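Look at the sequence and the fold below before reading on.

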Amino acid sequence: MTSPRTRLFEFTREVLSRTGRIVVIGDIHGDYSVINPIMKMAEDEENFLVFLGDYADRGRHGVEVVETVATLLRKYPERVLALKGNHEDYTEDGAPRFYPCDLIREARKKGRDWITYFRGEFKPFVEQLYLAAAIPNEVLLVHGGVSSKIVSLEDLRRPVKVVEADVLWSDPFEGYGEYPNRRGVGVEFGVDVTERVCRSLGVKRIVRSHEPMKALNGYYSEHGGRVITISSTSVYHGRPFVLTINPKNPSEVSQVFLR
Ligand SMILES: [Mn+2]
């Protein structure tokens with residue numbers, strides 16, 4: 001039996017020391033207008049890009065966004081990283097595990113047979129996606145959130161199915177405890193869950209996307225500053241932005257608007 005590679009990208013001291021800034025990109029959801037500004041940022045050798053998932057659906061340019069991120073992963077493998085969102089969750093034969101899925105219709109409209117596109121391009125792209133990334137002792141980066149099933153970094157390196165679902169689908173709420181998520185998958189996690197998970201993973205905060213509506217005009221901070229929600233799409237009529245993290249002092253974060 002070969003052991004599958006880790007699903008958690010862990011920043012090393014070497015990577016942090018050669019990086020000028022970490023650029024975290026939230027949900028794009030097929031928004032064409034952010035492609036060029038993001039490509040410009042990727043060209044700067046000082047930048048290390050981390051995408052938090054949800055590349056397609058809602059906007060009309062999921063195919064182009066996926067192609068852009070795949071190109072950046074190929075071109076700059078040592079400083080571009082992409083995570084999986086719940087909109088990248090498909091069965092082996094190309095059936096979406098979420099609703100609504102617009103990418104199938106979009107691909108067909110652009111003259112692509114779905115199964116051919118899925119097998120030839122989309123699935124190989126999804127196979128490169130990590131589930132989470134960590135700046136040791138500082139920040140956990142995920143698409144959705146965390147749950148009390150996560151008790152160590154090992155749970156993210158080799159996640160069981162239910163942990164993967166929690167990371168992709170969960171949302172924080174202002175309160176205590178943990179409840180089934182209204183979305184039907186994952187949990188809604190309170191401030192006590194955030195504190196417990198942060199302590200057991202040895203991080204100070206969690207940066208996530210998954211709720212662009214919470215971050216229409218800049219990042220949204222909750223759970224006493226421990227959870228930060230970002231958005232890099234205008235499909236909900238907000239202003240898309242990225243979050244930058246200073247790798248030498250990861251408590252220092254700021255936002256850069258993309259347009
Ligand atoms: Mn999402």
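Strand β6 (residues 139–141) pairs with β10 in the parallel sense, over three bridges. Two strands count as paired if DSSP finds at least two bridges between them. Within this pairing, Val139 stands opposite Arg205 in β10. Strand β10 is also joined by three bridges to strand β12 (residues 227–229), and these two run parallel. There, Val207 stands opposite Ile228 in β12.

This is a predicted model, in which local features need pLDDT of at least 70 and side-chain atom pairs count only at pLDDT 80 or more, while totals for chains, interfaces and linings use all residues. Residues are numbered from 1 along each chain as its sequence is written.

Which way do the residues of β10 point? Arg205 and Val207 point one way, and Ile206 and Arg208 the other way. All four are buried. A residue is buried if 20 or more other C-beta atoms lie within 10 Å of its own, exposed if 12 or fewer, and partly exposed in between, with C-beta atoms placed from the backbone.

Val207 leads on to Leu141. Leaving aside neighbours within four places in sequence, Leu141 is in contact with Val24, Val50, Leu52, Leu83, Ala132, Ala133 and Val207. Contact means that the C-beta atoms of two residues, placed from the backbone, lie within 7 Å. Leu141 also belongs to the largest nonpolar core, which has 67 residues. Such a core is a set of buried Ala, Val, Leu, Ile, Met, Phe, Trp, Tyr and Cys residues joined through C-beta atoms within 7 Å. The members that touch the most others are Val24, Ile25, Val50, Leu83, Ala132, Ala133 and Leu141. In soluble globular proteins, nonpolar side chains tend to be buried together.

Next comes a helix. In α7 (residues 161–169), the buried residues are Val163, Ala165, Asp166, Val167, Leu168 and Trp169. They pack against β5 (132–135), α6 (154–157) and β9 (187–189).

The loops hold some backbone features. Asp57, in the loop between β3 (47–51) and α3 (62–75), has a positive phi of about 75 degrees although it is not a glycine. Asp57 is buried, with 26 other C-beta atoms within 10 Å. His210 lies in the loop between β10 (205–208) and β11 (220–222), and its phi is near 70 degrees, a positive value in a residue other than glycine. His210 counts as buried, with 28 C-beta neighbours inside 10 Å. A cis peptide bond, with omega about -5 degrees, joins Tyr99 and Pro100. Pro100 lies in the loop between β4 (80–82) and α4 (103–109).

Now take the whole chain. The protein has eight helices and 14 strands. Its radius of gyration is 17 Å, close to the 18 Å that the globule rule gives for 259 residues, so the protein is as compact as a globular protein of that length. The radius is taken over C-alpha atoms, and the rule is 2.2 Å times the number of residues to the power 0.38. Of the 259 residues, 44% count as buried.
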